[in-house]
Structures are given as structure tokens and as C-alpha cells.
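Student: Hi, I'd like to walk through this one with you. Could you bring it up?

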Amino acid sequence: MTWNIDRQSVLVTGGSSGIGQATAEALAGMGANVTITSRDAARGEKARSAISRATGRSVRVELMDLSDLGSVRDFADRFRDRNEHLGLLVNNAGGVFGSRRETVDGHETTFATNHLGPFLLTSLLSESLEAAGRSRVINVSSVAHRYAKEGIVFGDLAWKNRRYKMMEVYGHSKLANILHAQGLNDRTGPNVEAFAVHPGVVGSSFGGRGGSKVVRAATKFGKRWMRTPAEGADTIVWLASEPEVDTSDGIYFSDREPTKSTRHARDVSQADRLWDVTEKLVSLA
Ligand SMILES: NC(=O)c1ccc[n+]([C@@H]2O[C@H](COP(=O)([O-])OP(=O)(O)OC[C@H]3O[C@@H](n4cnc5c(N)ncnc54)[C@H](OP(=O)(O)O)[C@@H]3O)[C@@H](O)[C@H]2O)c1
């Protein structure tokens, strides 16, 4: 079955701003049937109408908070009720937080938002992905996964026993995104392909809305040197639309090329262990 993005059903998490909105717009412009998610109805609707205006295509918006596992389950139920095959899932939504906080489920917020929520969502939508015949999952990771120098810290995933260092905590969650993509490839048939992407440093709303004031300020003042959201979306859109992607040099991409990730990100045993632990944390096991 030849891969073609035209008429594919596509879900982009966090399509209400930045890289996600730019990705959703580009894919809708290529003829995909796009659903975006947001935590906020007004923000979601604003993005939905902007994408529709720009592309002339109808776009759906759904509410979901990835830091709340109940919200992820509710959304997945609504999506599955549509009985729609899912050709492409872009796990884009994410955040960075200046201090340690816990979610309603008692998880550390960065790990929950950037890894646990997307992992649960992908698992709950796995039948919709398989039903598409051929499908793709793209996890928006980051070069910041390099901050996770010790790899996944299985003994303290909730960051309770160590000093909270924002970029280390964020990088740890972005390492989990790459390992999640690896784990998916190891578990699904050849018809579901998973990738991870570093989008570049992008002048988006990153760090805003309760995130990190430092990151938000750095983005505000450094915007002119940063990529635009559309430039940041480029490799994601390329992976989404390229008929065949060669992964013989790895599944972590940047600037349309397989890119070297850390040894932890390439560690299959770490991917396996993270998969098992995550299944328990999100109550799938
Ligand atoms: N900006 C960069 O330089 C950069 C570099 C490397 C990687 N990344 C990655 O790129 C992705 C997108 O970031 P961005 O730069 O486009 O940032 P952004 O403009 O802040 O967009 C983040 C998106 O995620 C959504 N989101 C945030 N928290 C959420 C939650 N708890 N549940 C559901 N959705 C949530 C937001 O939607 P609502 O607020 O409407 O819910 C928003 O649409 C992130 O995964 C980030 O780690 C960014």
C-alpha cells in the first residue's frame, strides 16, 4: 500500500499554536483530514478557523489535556466512536515547567504531559492506527534529550529525590519521546512506522501558559534568531508526506535527515523497560 498524505485522517496534538498549528496547516493544505487538540475551547477554535481559512479545508478541534490521564481516555473514547482509521498521529503537544508540580494523577507534570499522556493516547488509538492499513506516528522530541545524561532515571521518574533542574527534567521527557517511538516500531507490525523529530529552536509560545517564564522570555527576546513555526514543522511535514522514509540510519530526524541521538536514545533495553514501566504508570498493564 503506497503512502499518501492526501485524504489521510491526521491527528495533531497541540495544534492550537506554534509547531503543531503550522504542521496541521501544512497537512490540511496537502489534503489531509486534520483534527487538532487544545486544552482550551477558544484557543482551539481560533486555530481551527485560521487553518481552515488558510487552506480552504474543514478542520476539527477537540479538547484534551495530556497531563490528565482521564482527559486522554475521554478524548480517545470520542475519537474511537468516530470509527475513523487514523493514518497519522503527531504527538506534538508538550511543555516545559520552571518548578516541580504534580498532575491530578500525582505524576510529575513534565513527564506526564510530554510522555505519559502521549504514550497513553497512542496506545488507546493503536487499533485506529492499525486499521488504517498503513500509518505513521511522529513524536516531536528535541535535541534537549541530550540533557538526560543518565538516561531514563527509573528509580525517580517523578523527580522526588533529586533537585529539580528544568532542562534536565524536560530533556528526560524528550528522551522518553524517542524511546517511545523506538518501542512502537519494535511492537507494531511494519504497517505502523514511528519517528522522532527535533524541530530546531522555534519562536513559538513555548514556555507560556503556566510553563517556564525563563523559556518564555528567552523565546520572546530571541525570536528573530529562531525558526518560525512553519520552519520548525518542516521535518514533521516531510516525514508525514514522504512516500518512503529510509530509517536504516535511525528514527530520530532533524532537517529531513536521520540525526545522531544519544546512546540512551538508541538503547533498545531502555526503550523496552520504559515501555513496561509506562504501561503500569498509565494503568494499561
Ligand atoms: N519551541 C522550540 O524551540 C522547540 C524545540 C524542540 C522541541 N519542541 C517541542 O515542540 C512541541 C511543540 O512546541 P511549540 O514550540 O510549538 O510550543 P507551543 O507554541 O507552546 O505549543 C504547545 C502546544 O501544546 C499544547 N499543550 C501544552 N500543554 C498541553 C497539555 N497539558 N495537554 C494538551 N496540550 C497541551 C498547547 O495547546 P493548548 O495550550 O491550547 O492546550 C499548544 O498547542 C513540544 O513538544 C516541544 O517540546 C519545541
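Student: How many bridges join strand 7 to strand 8?
Tutor: There are 2, between strand 7 (residues 252–254) and strand 8, and the two run antiparallel. Strands here are DSSP E runs of at least two residues, helices are H or I runs of at least four, both numbered from the N terminus. Two strands pair if DSSP finds at least two bridges between them.

Student: And which residue stands opposite Glu 257?
Tutor: Ser 254 does, with Glu 257 sitting in strand 8.

Student: Before we go on, what sort of model is this?
Tutor: A predicted one: local features need pLDDT of at least 70, side-chain atom pairs count only at pLDDT 80 or more, and totals for chains, interfaces and linings use all residues. Residues are numbered from 1 along each chain as its sequence is written.

Student: Thanks! What's the strand order in the sheet?
Tutor: The open sheet has 8 strands in the order 3-2-1-4-5-6-7-8, with mixed pairing. Strand 3 (60–63) and strand 8 (257–258) are at the edges with a single partner strand each, so one side of each lacks a neighbour in the sheet.

Student: New topic: which residues of helix 9 are buried?
Tutor: Gln 270, Ala 271, Leu 274, Thr 278 and Leu 281. Buried means 20 or more other C-beta atoms within 10 Å of the residue's own, exposed means 12 or fewer, and partly exposed is in between, with C-beta atoms placed from the backbone.

Student: And which exposed residues are on the face turned away from the buried side?
Tutor: On helix 9, that face carries Val 268, Ser 269, Asp 276 and Lys 280.
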